[in-house]
Amino acid sequence: MADSYKYKGLRQKLVDHLREKGIQQEAVLSAINAIPRHLFIDNAFEKFAYLDKPFPIGSGQTISQPYTVAFQTQLLNIKRGDKVLEIGTGSGYQACVLLEMGAKVFTIERHKPLYLEVRNFLPTLGYSPKFFHGDGYEGLPSFAPFDKILVTAGAPFVPEALKEQLKIGGQLVIPVGDSINQVMTSIIRLEASKFSVTEHGDFMFVPLLDKRSWD
Ligand code: SAH
């Protein structure tokens, strides 16, 4: 399924909607305008791809709602050349948004079939982040430090390993809470062991799973 004028038009409408909801960074909006979200979604839902809703992507996982993707990305203030670690590759859509914005992207997924599928699919659209199959709680110590770390699953707490993998001046954005509700949390590493924390409203993500509960 290729892109089409119809989908381009719907995408522009989605971008207008995100702008009305308060997304102001043009680089975020133009990345969303550039990426064919309908190609990331189960065929049955394809025609709804440009509604501001999350959707199933198979393996019991979801592609985040566009507003959530835009909100997290805006909070991260992505600059060209930023080295970004994403936890929870999922459909790969968020990784593409970061790549469109000129970031260098490392992305981790715990679910092996999803990891394999997305690692094959994204390059067919021209997007090539560095893919890893592994545990997001551990981050990627051998590739650290990162300018930005983005967690796209709901975490019960902030993993110390992720804070330790930030550059000084680097930023971690992570939804923290229980399985029903998480608070979008931004953590900036001011000095080696000094962090500033701000909260940015309530969201709902699929859980960041502890390795002991993996299937
Ligand atoms: N960023 C994705 C949405 C991710 S949904 C997108 O743009 O589509 C959250 C993802 O996190 C799921 O794919 C889930 O399998 C993955 N996940 C959950 N726990 C994890 C863990 N401990 N380590 C890595 N990935 C994990």
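This briefing covers the pockets, the sheet and the aromatic pairs of one structure.

The model is predicted: local features need pLDDT of at least 70, side-chain atom pairs count only at pLDDT 80 or more, and totals for chains, interfaces and linings use all residues. Residues are numbered from 1 along each chain as its sequence is written, and side-chain values use heavy atoms, with hydrogens and water left out.

**Pockets**

- The largest pocket holds about 550 Å³ of space. A pocket here is an open set of points on a 1 Å grid over the protein atoms alone, where a 1.4 Å probe fits, with protein on both sides within 12 Å along at least five of seven lines. Its volume is the space filled by probe spheres set on the points, which are joined across faces, edges and corners.
- The largest pocket is lined by 34 residues, and T62, S64, T152, A153 and V206 are the closest to its centre. Lining residues have an atom within 4 Å of a point.
- At least two lining residues of the largest pocket come from each of β2 (62–63), α3 (66–75), β3 (83–87), α4 (93–100) and β4 (104–109). Helices (H or I, at least four residues) and strands (E, at least two) are DSSP runs, numbered from the N terminus.
- By type, the lining of the largest pocket has 16 nonpolar, 14 polar and four charged residues. Ala, Val, Leu, Ile, Met, Phe, Trp, Tyr, Cys and Pro count as nonpolar, Asp, Glu, Lys and Arg as charged, and the others, Gly among them, as polar.
- The second largest pocket holds about 230 Å³. Of its 15 lining residues, L39, F40, I41, D42 and E117 lie nearest the centre.
- The lining of the second largest pocket divides into eight nonpolar, four polar and three charged residues.

**Sheet**

- Seven strands form an open sheet with mixed pairing, in the order β5-β4-β3-β6-β7-β8-β9. Strands pair if DSSP finds at least two bridges between them.
- β5 (130–133) and β9 (194–203) are the edge strands, each pairing on one side only. From one strand to the next, the twist averages 15°.
- Four bridges join β4 and β5 in the parallel sense. I108 has F132 in β5 as its bridge partner.

**Aromatic pairs**

- There are 11 aromatic pairs in the structure. Rings of Phe, Tyr and Trp (its six-membered ring) pair if their centres lie within 6.5 Å; planes under 30 degrees apart count as stacked, over 60 as edge-to-face and the rest as tilted.
- Y137 and F157 form a tilted pair, because their ring centres are 5.6 Å apart and their planes lie at 35°.
- This pair links distant parts of the chain, 20 residues apart: Y137 sits in the loop between β5 and β6 (146–151), and F157 in the loop between β6 and α6 (160–164).

Terms used. Axes fitted to C-alpha atoms, helices over the stretch in contact; angles between N-to-C directions.
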